[in-house]
Amino acid sequence: MSGDPNRVAGVCSGLPLGIQDLMWGTDNERVRNKSDRRILKSTARILCDMCPIQAECLAQSIIGREQHSRIGGIDVKARRLLRHRAEADGVDLDPSNPARTRNLTSWIRDHPELVREVREQSSTREGRRRRSEDQYAYRQRKTVESAQRPE
Ligand code: SF4
């Protein structure tokens, strides 16, 4: 986690790597007791919500399409949702845009409530229903955009 030079200012960087992997990474599955796993995950979430660089951390993991762990306090599904929300809100995340990480960081800073919302959406039944609606709308929008793009 904090092996990433961009996260050295993050709250997690003060913890030993083994602990970070248990709290944020796939090593969490090695913890036998289910409720212990939950405690580790929710502690990681609380620390991320208190972290001064959460927006930067999330933006980097979203732009880098990181496929593992609960970076920034939300899982990969929730990060995907956040990306869709940003794009729907007009944030240009096209790889050709050199300012995309900065733009996304500012957008996340301006919408802290959405981090909680996508987290909930990725973990509850109602959230899953809304997520599939969002994904459907996202796919529709992408299809329309690619149909409108000049050959
Ligand atoms: S937001 Fe979370 S994962 Fe990212 S640097 Fe901060 S504590 Fe670490």
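A salt bridge is a side-chain nitrogen of Lys or Arg sitting within 4 Å of a carboxyl oxygen of Asp or Glu. Glu117 has a relative accessible area of 30%, so it counts as partly exposed. The structure here is a predicted model, and a search through the whole of it turns up six salt bridges.

Why do such pairs form at all? Side chains of opposite charge can pair when their charged atoms come close.

Another of these pairs joins Asp49 to Arg119, with 3.0 Å between the closest N and O atoms. Again, distant parts of the chain are linked: Asp49 is in helix α2 and Arg119 is in helix α6, 70 residues apart. Asp49 is partly exposed, because its relative accessibility is 37%. Arg119, on the other hand, comes in at 14%, which means it counts as buried; the cut-off for buried is under 20%.

Then there is Arg109, whose side chain meets that of Glu56 in a salt bridge of 2.4 Å, N to O. Arg109 is partly exposed at 46%, and Glu56 is partly exposed at 25%. Salt bridges can also link up into a network, as they do for Glu87, Arg141, Lys142 and Glu145.

Some charged residues gather on the surface instead. Arg65, Lys77, Arg80 and Arg128 make up a patch of positive charge there. Of these, Arg128 is found in helix α7, which covers residues 125–148, and its relative accessibility of 41% makes it partly exposed.

Now for the inside. The largest nonpolar core has 18 residues, and the members touching the most others are Ile74, Leu82, Leu104, Trp107 and Ile108. Helices α3 (54–63), α4 (76–88), α5 (100–110) and α6 (112–123) are the elements that each give two or more residues to this core. Helix α3 supplies the largest share, five residues.

Finally, a look at Met50, in helix α2 (residues 34–50). Is Met50 buried or exposed? Its relative accessible area is 58%, so Met50 is exposed. Met50 and Arg149 are 99 residues apart in sequence, and their C-alpha atoms lie 42 Å apart in space.

Notes:
Residues numbered from 1 in each chain as written. Predicted model: local features only at pLDDT ≥ 70, side-chain atom pairs only at ≥ 80, totals over all residues. Heavy atoms only, no water. Patch = residues over 30% accessible without salt bridge, like charges linked within 9 Å, V, L, I, M, F, W, Y side chains within 5 Å. Areas by Shrake-Rupley, 256 points an atom, 1.4 Å probe, with all protein chains shown as cover. Lys, Arg positive; Asp, Glu negative; His and termini not counted. Charge placed at Lys NZ, Arg CZ, Asp CG, Glu CD. Helix = DSSP H or I, 4+ residues; strand = E, 2+ residues; numbered from the N terminus. Buried < 20%, exposed > 50% of the residue type's maximum accessible area, 1.4 Å probe, protein only. Core = buried A, V, L, I, M, F, W, Y, C linked by side-chain atoms within 4.5 Å.
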